[in-house]
Amino acid sequence: MIDRLYQLVNKGSYRALSLILAIVLMVSIFLNAKKFALELGGPSPLFTLFLIWGTSTLWIHGMGLEIRKDRWKAVFNPLIGYCAAIGGLFYIYFI
């Protein structure tokens, strides 16, 4: 099941999308670092951890690294990275 889910996005165009989203999310986090500072009203540390995990997942997928073990395919699934990127970019630019 995990292998089929991973193969759903294991195509060249999705890899390019992952690389572009990883770059955009990383630059957005660096340029808006004040939003992620641990001050009153900032995001929770779990949300920030989720963004870092999603960015790492998108970098791994976008660079074309091949994951062979199913457990690592579940941990570094690009669909999780896409959700993190959309959520993070929504938080940075619309909230």
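Is Phe76 buried, partly exposed or exposed? With a relative accessible area of 22%, Phe76 is partly exposed, where buried means under 20%, exposed over 50% and partly exposed in between (1.4 Å probe, protein chains only). The model is predicted, so local features need pLDDT of at least 70 and side-chain atom pairs count only at pLDDT 80 or more, while totals for chains, interfaces and linings use all residues. Residues are numbered from 1 along each chain as its sequence is written, and side-chain values use heavy atoms, leaving out hydrogens and water.

Rings of Phe, Tyr and Trp (its six-membered ring) were paired if their centres lie within 6.5 Å; planes under 30 degrees apart count as stacked, over 60 as edge-to-face and the rest as tilted. By this rule there are four aromatic pairs. One of them is edge-to-face, because the rings of Phe50 and Trp53 have centres 6.2 Å apart and planes at 70°. Phe50 and Trp53 lie three residues apart in helix H3 (residues 45-62), and therefore about one helical turn separates them. Helices are DSSP runs (H or I, at least four residues), numbered from the N terminus. Phe50 is partly exposed at 28% relative accessibility, and Trp53 is partly exposed at 34%. The rings of Trp72 and Phe76 form a stacked pair, because their centres are 6.0 Å apart and their planes at 20°. Trp72 is partly exposed, with a relative accessible area of 43%.

Ile95 is placed in the segment after helix H5 (78-94). Its relative accessibility is 60%, so Ile95 counts as exposed.

Definitions and conventions. Helices (H or I, at least four residues) and strands (E, at least two) are DSSP runs, numbered from the N terminus.
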